[in-house]
Amino acid sequence: MHNEQRTAANSLEWLSRIYGNDTAIQWNPKFMQVFERFSGFSSASAHVDQHASILITYGDSIRDDHGEKPLKTLLHFLQHYVGSAISTVHILPCYPASSDDGFSVVDPFQVDSELGTWEDIHHLAQTYNLMLDFVANHLSRSHVWIEECLKGNPEFSDFIIFMDGSEDLHTVFRPRLHPLLTSIQTDSGNKLVWTTFSADQIDLNYQNPKVLLHMIEVLLTYVQHHASIVRLDAIAYIWKELGTSCIHHPKTHLIIQYFRWILDAMASGTLIITETNVPHKDNISYFGNGFNEASLVYNFPLPPLVLHTFLTQNASTLSQWIKTLALPSTQVAFFNFLSSHDGIGLVPVRGILESEEIESLAKHVIAQGGFISKRTNRNGSSSPYELNINYFSAFHGISENETQDTHRDRCIAATAIMICMQGICGVYIHSLLGSENWTDAPDLSMHPRTINREKLDYQKLCTELEDTQSKRSGIFFRYVTLLSIRKHERALQTTVAQHVLDAGNTGVLALLRGPGDDDAYILCLINVTARTLMLPQKNLEQQIHEIIQDDRPSLWSNLLVPNKEPPSSFPEPILSPYQVILLKRQA
């Protein structure tokens with residue numbers, strides 16, 4: 001009884017911060033009823049270090065034409081080819097949906113029958129940690145709550161945000177070009193509703209406590225179905241208040257902190273990741289104080305910065321930016337990724353890259369068959385928002401006389417940057433499999449993001465991977481090797497310290513990770529150029545010595561040499577074009 005009273009008091013305190021005392025007192029008993037209904041969770045993985053790498057995939061990214069449900073096919077593929085190289089699987093929205101490849105959710109409590117069942121999700125969770133999407137900002141126009149609200153059902157009154165069209169909305173941040181308000185014909189006439197992302201995605205009204213109550217039921221449903229990590233999609237937009245930008249509102253942070261408290265109380269160890277494709281300063285604000293908000297945030301500047309690094313064959317900007325990365329506690333981490341189901345966001349690198357450098361990225365992507373998505377600015381103009389291209393396709397056309405081997409080496413070098421950095425690495429399935437632009441994607445000109453959302457035939461994929469001469473095979477097995485090293489080397493674990501070294505050449509990124517709990521260090525050297533480079537050995541040794549502060553002779557082994565030779569003194573660092581060297585210092 002004492003624990004229940006304490007939980008009720010804490011919940012009341014959070015609701016009071018969000019809605020005020022009177023509303024909190026009225027609604028808190030209903031929230032407590034939901035908590036009671038979902039009580040009895042077992043704890044998930046208790047720390048960010050439990051998640052070495054996360055595979056990002058749609059439930060049907062791989063399909064079997066023989067009638068097997070895609071979620072079963074995915075598990076078969078992972079067990080046969082990937083094994084323990086990854087720790088966690090992120091299934092992008094696998095619920096019934098009406099558009100946007102699953103992000104217009106019709107029923108957040110069910111698995112789309114075309115993909116499989118909750119039982120299939122549970123089978124995945126028996127082998128891997130599981131990350132599920134919580135689409136928090138909006139629901140499909142076809143969702144029953146939305147339909148009932150539009151019909152005027154008092155049970156769902158004010159579930160969505162109605163406007164009369166006379167409001168001043170010029171301060172509202174717009175991530176898209178389409179109008180903020182959508183006109184919908186209802187039985188009681190035409191109504192304007194708030195739609196941040198598309199006319200089929202109706203924003204929820206979190207100023208109504210009943211909306212928060214129902215969405216917490218959704219959140220806890222995913223944890224009930226064994227989610228170790230819950231991804232809060234488009235979370236930055238959930239609280240709207242006229243006269244503000246309606247993004248990063250203080251009430252938004254309070255709601256995420258309430259989610260954090262709920263999960264800590266009911267499913268200790270479950271992690272929250274916030275999807276906030278915004279400037280870096282705003283993005284890292286979702287860490288809160290390091291304990292009370294997101295466990296993970298997407299490291300959004302990384303994809304465009306890495307592409308810029310290889311286009312310019314200069315690691316200086318990337319190196320300087322990595323030096324600025326800092327975490328408020330060891331309980332949180334960056335989610336490092338290069339590619340995902342979305343495009344390459346440009347907003348996060350404004351202020352890091354010059355306008356001319358961003359424009360060069362855009363021109364290169366168009367030259368490689370990609371697209372540029374734009375957003376509306378407050379003054380009514382538009383600006384590039386996202387590069388839509390398969391990430392590996394974006395690495396074509398960088399050097400003259402390019403061969404398949406050159407392209408493959410360059411892609412693996414880019415991948416090594418992500419894998420060696422402090423944080424959890426996010427692996428998009430099409431990067432793992434060496435996919436390129438899906439030029440045959442349906443309605444590609446209308447939906448440019450689908451260029452990186454290809455559906456692969458399982459049998460054909462297996463044939464390509466078994467062919468040691470194929471491009472897919474050449475990418476896949478080297479990628480898996482890097483992931484395996486990342487998982488098993490303690491110096492590369494998520495929260496282990498990271499030092500950016502002066503490589504003595506702007507064409508090389510040099511990272512020193514460690515010490516791990518085995519007292520080992522790993523030096524990561526990555527050549528971002530098409531040239532063979534020799535680095536000043538003594539300079540590197542001196543920097544390492546100053547960090548390690550150990551006078552004992554150092555013995556180093558190369559983790560990427562297939563037949564490992566006995567550890568030896570620090571080798572002379574000569575890197576061939578796009579070469580990756582991982583040197584481990586024995587304790």
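1. Strand S1, residues 53-57, is mostly covered, with five of its five residues buried. Here buried means under 20% relative accessible area with a 1.4 Å probe and protein chains only, and strands are DSSP runs of E, at least two residues, numbered from the N terminus.

2. A word on the basis: this is a predicted model, where local features need pLDDT of at least 70, side-chain atom pairs count only at pLDDT 80 or more, and totals for chains, interfaces and linings use all residues. Numbering runs from 1 along each chain as its sequence is written, and side-chain values use heavy atoms, leaving out hydrogens and water.

3. Which way do the S1 side chains go? Ser53, Leu55 and Thr57 point one way, Ile54 and Ile56 the other, and all are buried. In a regular strand, side chains alternate between the two faces of the sheet.

4. S1 has parallel partners. Four bridges tie S1 to S17 (residues 424-428), with Ile54 opposite Gly426. S1 also runs parallel to S3 (residues 88-91) over four bridges, and there Thr57 has Ile91 as its bridge partner. Pairing takes at least two DSSP bridges between the strands.

5. Now the cavities: there are five of 30 Å³ or more. A cavity is a set of points on a 1 Å grid over the protein atoms alone where a 1.4 Å probe fits but cannot get out; points join across faces, edges and corners, and volume is the space filled by probe spheres set on them.

6. The largest cavity holds about 80 Å³. Its lining includes Arg231, Glu275, Tyr298, His341 and Glu386, and divides into three nonpolar, four polar and four charged residues. Lining residues have an atom within 4 Å of a point. Ala, Val, Leu, Ile, Met, Phe, Trp, Tyr, Cys and Pro count as nonpolar, Asp, Glu, Lys and Arg as charged, and the others, Gly among them, as polar.

Notes
1 Å grid on protein atoms, 1.4 Å probe; cavity = no way out; pocket = protein on both sides within 12 Å on 5 of 7 lines; lining within 4 Å. Buried < 20%, exposed > 50% of the residue type's maximum accessible area, 1.4 Å probe, protein only.
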